[in-house]
Amino acid sequence: MSLNFDSVESASSEVRESSFKSVKPGLQTLMITGIEPTHAGIVVTFESKEAEASFNERFWLSSGALPRVQYLVEKFTGVKLTGGFSGEGLELANAVATGLSSKLVGKSKTVIVDGELR
């Protein structure tokens, strides 16, 4: 299997149910602290200093899921991801996790949490 990001557009910033609990509304600074491979994709760990909490978000590695990965990279780095990764299963996940770790781990982004307690 091969994943090529050269022509992948970022996903929209659509609102979806968050798994980040107990965060007060307002500004939160999220830092990516880790990216781990799984058989079906990668798991990205985010930490919030304000909430003194962390959470994991799973990203599947399929052509249909690439816009979410592109959105993440673009929002945290300011540039689109280009090039590709190849392999099968865990081999592909390891390649993606390694490639993204060098670009994303340690990067921070200030986000606005809406008016609901999450």
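Q: Does Glu-57 count as buried or exposed?

A: The class follows from relative accessible area: buried means under 20%, exposed over 50%, and partly exposed in between, with a 1.4 Å probe and protein chains only. Glu-57 has 15% relative accessibility and therefore counts as buried. Please keep in mind that this is a predicted model, in which local features need pLDDT of at least 70, side-chain atom pairs count only at pLDDT 80 or more, and totals for chains, interfaces and linings use all residues. Residues are numbered from 1 along each chain as its sequence is written, and side-chain values use heavy atoms, with hydrogens and water left out.

Q: What is the mean pLDDT of the protein, and where is confidence lowest and highest?

A: The score pLDDT is the predictor's confidence in each residue, from 0 to 100. Where it is low, the predicted coordinates should not be read in detail. Here the mean is 84, and 84% of the residues reach 70 or more. Strand β1 (residues 2-4) has the lowest confidence, at a mean of 74, whereas helix α2 (residues 89-104) has the highest, at 94.

Q: How many helices and strands does the protein have, and what pattern do they follow along the sequence?

A: Helices (H or I, at least four residues) and strands (E, at least two) are DSSP runs, numbered from the N terminus. The protein has two helices and six strands, and their pattern along the sequence is β-β-β-β-α-β-α-β.

Q: In which sense do β2 and β3 pair, and over how many bridges?

A: Two strands pair if DSSP finds at least two bridges between them. Strand β2 (residues 26-37) pairs with strand β3 (residues 41-48) in the antiparallel sense, over seven bridges. A hairpin of three residues joins the two strands. Along this pairing, Gly-34 stands opposite Thr-45 of β3, and Met-31 stands opposite Glu-47 of β3.

Q: Which residue of β4 stands opposite Glu-47?

A: Ser-54 of β4 stands opposite Glu-47. The pairing of β3 with β4 is antiparallel, over eight bridges. These two strands form a hairpin with four residues between them, and Glu-52 in the turn has a positive phi of about 50°. Six of the eight residues of β3 are buried, so this strand is largely enclosed by the rest of the structure.

Q: Which residues of the largest nonpolar core touch the most other members?

A: In soluble globular proteins, nonpolar side chains tend to be buried together. A nonpolar core is a set of buried Ala, Val, Leu, Ile, Met, Phe, Trp, Tyr and Cys residues joined through side-chain atoms within 4.5 Å. In the largest such core, which has 25 residues, Ile-42 and Leu-100 touch the most other members. At least two residues of this core come from each of β2, β3, β4, α1 and α2. Helix α2 gives the largest share, six residues.

Q: Which residues are in contact with Leu-100, leaving aside its neighbours within four places in sequence?

A: Contact means heavy atoms within 4.5 Å. With those neighbours set aside, Leu-100 is in contact with Ile-35, Ile-42, Val-69, Val-73, Leu-81 and Val-105.

Q: How many salt bridges does a search of the whole structure find?

A: Side chains of opposite charge can pair when their charged atoms come close. A salt bridge is a side-chain nitrogen of Lys or Arg within 4 Å of a carboxyl oxygen of Asp or Glu. The search finds two. In one of them, Arg-68 meets Glu-57, with the closest N and O atoms 2.8 Å apart. Arg-68 lies in helix α1 and Glu-57 in strand β4, so this pair ties together parts that are eleven residues apart in sequence. Arg-68 counts as partly exposed, at 27% relative accessibility.

Q: Where do Glu-9 and Lys-80 lie?

A: The side chains of Glu-9 and Lys-80 form a salt bridge of 3.2 Å, N to O. Glu-9 lies in the loop between β1 and β2, and Lys-80 in the loop between α1 and β5 (84-86), so the pair ties together parts that are 71 residues apart in sequence. Glu-9 is exposed, with a relative accessible area of 55%, whereas Lys-80 counts as partly exposed, at 36%.
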